[in-house]
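Colleague: Could you walk me through this one before I set anything up?
Modeller: Gladly, here it is.

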Amino acid sequence: MTSETDFLATRAALDRAARVAHLVVACDFDGTLSPFVSDPETSRLAPGAREALDALAACPSTTVLLVSGRDRSTLSRISEIPTESEATGIHLVGQHGSEWEGEPAALSEVEAALLAEVTAQLEAIALPHEGAFVEYKPSSAVLHVRSLPRAEDRERLLSLALEGPASLEGVFTTEGKSVLELAVREASKGAALQTFRERAGADAVVFFGDDVTDEKGFAVLGPAHGGSDLDVGVKVGDGPTAAAYRVASIDEVVASLRRLASARGVSQPD
Ligand SMILES: [Mg+2]
């Protein structure tokens with residue numbers, strides 16, 4: 001559990017970041033703005049999240065983005081936010097930072113052949129097990145084992161994937177909670193945050209995330225990592241993290257976004 005001290009420290013850090021001239025606010029999607037569900041297609045934004053994102057995007061000199069492991073078109077469908085940022089001011093970055101607006105993730109022949117091989121091997125691992133399945137993305141394949149009832153089966157399947165297709169040359173592995181993503185193109189949420197910081201000329205970056213993949217985002221925050229001392233990395237929930245701050249729940253993420261929006265000059269209806 002996170003403590004009252006965590007909550008107060010996080011709020012104070014967000015209040016400081018809210019006062020900079022240009023602020024980038026980035027959020028992971030699953031587990032950060034959207035509760036986990038067993039069928040990833042049925043995920044939706046938590047109540048109040050869209051309103052808070054819209055309010056922030058309407059603030060002056062404030063760049064808002066969702067940085068998700070999902071591909072952009074899926075992220076758009078489930079978040080109900082258009083892929084083109086012009087309409088909303090909210091940028092969608094997909095596939096852990098490898099998929100951007102206006103840049104289709106076209107693969108080379110070598111990458112496409114490797115992805116086909118990785119996908120076939122993951123399918124062979126998942127197929128015999130009800131509850132395990134492979135998710136297909138433009139530059140990666142993802143093994144999902146969350147719905148397998150026995151922990152030992154979940155671990156065995158993940159181990160098989162790590163020892164097999166994940167060890168092929170040119171494969172980039174990202175481990176999540178009961179999820180293993182094998183990509184044929186390197187990407188990281190950290191690289192995405194750096195790009196938005198530079199593009200916007202931002203004075204601080206705030207990033208909320210809950211999972212292992214978000215650690216690459218937290219790792220680029222703060223002066224020791226080329227960022228600002230007003231950067232705020234916020235881990236959602238328990239578990240080890242490189243983030244300096246923590247909140248307990250998705251509701252606290254939404255409340256934090258609302259607070260940032262209020263502080264940057266746009267008040268919100270209750
Ligand atoms: Mg997440």
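**Domains, cavity and salt bridges**

Modeller: Between domain 1 and domain 2 the count is one salt bridge, a salt bridge being a side-chain nitrogen of Lys or Arg within 4 Å of a carboxyl oxygen of Asp or Glu. This is a predicted model, in which local features need pLDDT of at least 70 and side-chain atom pairs count only at pLDDT 80 or more, while totals for chains, interfaces and linings use all residues. Residues are numbered from 1 along each chain as its sequence is written, and side-chain values use heavy atoms, with hydrogens and water left out.

Colleague: Which residues form a salt bridge with closest N and O atoms 3.5 Å apart?
Modeller: Those are aspartate 210 and lysine 177.

Colleague: And where do the domains run?
Modeller: Domain 1 covers 4-103 + 187-263 and domain 2 covers 109-183, with bounds that come from an automatic or database domain assignment. Their C-alpha centres lie 26 Å apart.

Colleague: What area is buried between domain 1 and domain 2?
Modeller: About 1,000 Å², of which carbon and sulfur atoms give 48%; buried area here is the accessible area (1.4 Å probe) that two parts lose on being put together, summed over both. In terms of contact (heavy atoms within 4.5 Å), 13 residues of domain 1 meet 12 residues of domain 2.

Colleague: Switching topic, how many cavities of 30 Å³ or more does the search find?
Modeller: The search of the whole structure finds one, where a cavity is a set of points on a 1 Å grid over the protein atoms alone at which a 1.4 Å probe fits but cannot get out, and lining residues have an atom within 4 Å of a point.

Colleague: Which domains does the lining draw on?
Modeller: The lining of the largest cavity takes at least three residues from each of domain 1 and domain 2.

Colleague: Back to charges: how many salt bridges are there in the whole structure?
Modeller: The search finds 14, including one between the side chains of arginine 44 and glutamate 80 at 3.9 Å, N to O.

How values were computed:
On a 1 Å grid over the protein atoms alone, a cavity is a set of points where a 1.4 Å probe fits but cannot get out, and a pocket is an open set with protein on both sides within 12 Å along at least five of seven lines; lining residues have an atom within 4 Å of a point. Grid points are joined across faces, edges and corners, and a volume is the space filled by probe spheres set on the points.
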